[in-house]
Amino acid sequence: MRKIFSAIAIILGLAALVVGIGQRTIWAPPETLTASFAQAPAAAPVTLIEAGAGTVGGHPTEITINAEGKFTASLVRTADAQAWVGKAAHTSITGINAAETVFESTSETGEDEVPNPAGDDIFQATENADKTMTYSWTNPDEGSWTLLLAADGKAAAPTDITATWPGDTATPFSMPLIITGALLLIAGIALAAVRTTPRGGSGGGRRAAGQSDAPQTDALPTTPKGGENTVAKVVATASVLALVLLPSAPALAAGSSSSPAESSATEEAEKVFPVVLQDQLERILKEVSTSVAKADKSKNSKDLDDRTSGALKSLRGQNYSLRNDDVKLDAPTAIDTSVIRSAAVPTDNGAHFPRSIMVVTAKDSGASTIPTALTLTQSGPRENYKVAFATPMLPGSTFPGIAVGDQSVKLLKDDAKDLTMTPKVALERLAGFMDNEKSKDADKFAKNAFLTLNAKDQNALVKANKDATITFKRTVNAKDTVVVATPDGGALVSGNFTATTTAKPKEDGGTIGLDDTTAKIVGAKDTKKGIEITYGEPTLIYIPAADSKDKISVVSAEVITKGAKLLK
């Protein structure tokens, strides 16, 4: 039996040593693991990689993208990515099945072409690549983010994609197996070398003198402590231990894991995020400024198409047209976005459009520099932001200091409550007050240089034309109204008035003389029927919160001549 136990111990010891050492050498887990598509997806113009592919088991992945030619990779909020894709065919990588080292993915059929996404405002950042790109996931802000891949919108987007991450190279059973194997091996060898005392005493196998041949009945042979039974128990226990410690296969990395954004999906569902980030806003403003400057230089209204809309596009285009006809008018105020002084960037919990932001910019930070208040609007996910208002701030006026990401900044409707007056009503009453300084609503608005000068000019025009009937009428272009909530509970409202000044002779046969500018527009120096002159007045106002005792104030405004016509 001693030899049998010795053999078992040696065999188990050698087995444990082989497995223990093998786990660190030939059976060692891979240092890196790589996932790819289990089956190549169908060609589509867009490939989406969601944040779930950015990490595995807490380890960041290195995503390698290969393509046949040039492509772009654009980082965008997940909701915006889905809105941009719309009904287009696309492939989505949502995560990684680490156990099988394959992507978790879906494919959707649909339109086989999309616009070229390169440089679109909705993307936080875009990288251009030629044939290959290596990407390491980094979220620029809270929330869920997606990497959108596309070629030119017509060719198929890249799908030759792999994700690599560090493998779990730990071998926790290796050292215990080596130690156990060594002990078993030593025990087996030692057991084989042990010689036990023969029964009946010592003496070279000979019986002692006078000893009877008959067996002794007054004593039974016993095994000393530490003898063969004890060794057998030790060997048996070690054998069980060795079997327990033997793993069936090398350990793999943890199973599919979600990104930090996905792991806290419940919390994030209640959060809102800015529609653009700071660097994204700076890029947009620079492109807007460059585009409008080009149009101002060429005085070609078609150059306004890319980056202007609404009131600004209409008024600037009319200004170009009149000046191209040699009408002596001032050029529109230049848009300089070198310095951002304040930015009312709304927050949202999804991809809702249209979107609008309000920004105060200037050419520098000098105290004497007059800032410009801008309102930019994005009509849809595939559209870029276009400036709809750009008016110089008035002396003594203030624009709330707001940082990008302020959770209280949201887009409101023109019937928003919790203000001293709804935006719609405030604009209508301001129009009435500007038509008539004695309006019953005069006390609702804070005095400023613009309102004072407007009243003064209108009164002077009436006094200078005693033989004519002068009337003033402003209407609100409701479709141009944009309302943004401010952190103090108030709201900024950009509105657009069409101001009409009408002059008619008081008596039949009377004549109204026209100034040089108006005469140039209508092609006449005077009129017996009368004249109607129209102006555009883009205006930004601030409405305090409902519990405030402050009055509504005009923050910025501008008067732009639209045209004139003789009455018939």
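Tutor: Start with the word cavity: on a 1 Å grid over the protein atoms alone, a cavity is a set of points where a 1.4 Å probe fits but cannot get out, and lining residues have an atom within 4 Å of a point. Grid points are joined across faces, edges and corners, and a volume is the space filled by probe spheres set on the points. The structure holds 3 cavities of 30 Å³ or more. This is a predicted model, in which local features need pLDDT of at least 70 and side-chain atom pairs pLDDT 80 or more, while totals for chains, interfaces and linings use all residues. Residues are numbered from 1 along each chain as its sequence is written, and side-chain values use heavy atoms, leaving out hydrogens and water.

Student: How much space lies in the largest cavity, and what lines the largest cavity?

Tutor: The space is about 80 Å³. The lining includes A311, L312, L315, R316, A388 and F389. Helix α8 gives the most, with 4 residues. Helices (H or I, at least four residues) and strands (E, at least two) are DSSP runs, numbered from the N terminus.

Student: Why is T391 called buried?

Tutor: Buried means under 20% relative accessible area, exposed over 50%, and partly exposed in between (1.4 Å probe, protein chains only). T391 has 3%, so T391 is buried. T391 is found in strand β16.

Student: What makes the pair of T391 and S556 side chains a polar contact?

Tutor: A polar contact is a pair of N or O atoms within 3.5 Å; within protein, one must be able to donate a hydrogen and the other to accept it, and residues adjacent in sequence count only if both atoms are side-chain atoms. The distance between the side chains of T391 and S556 is 2.6 Å.

Student: Are K299 and D418 buried or exposed?

Tutor: K299 has 27% relative accessibility, so K299 counts as partly exposed. D418 has 64%, therefore D418 is exposed.

Student: What is the phi of K299, and of D418?

Tutor: Phi is near 55 degrees for K299 and near 60 degrees for D418. Most residues other than glycine have a negative phi.

Methods
On a 1 Å grid over the protein atoms alone, a cavity is a set of points where a 1.4 Å probe fits but cannot get out, and a pocket is an open set with protein on both sides within 12 Å along at least five of seven lines; lining residues have an atom within 4 Å of a point.
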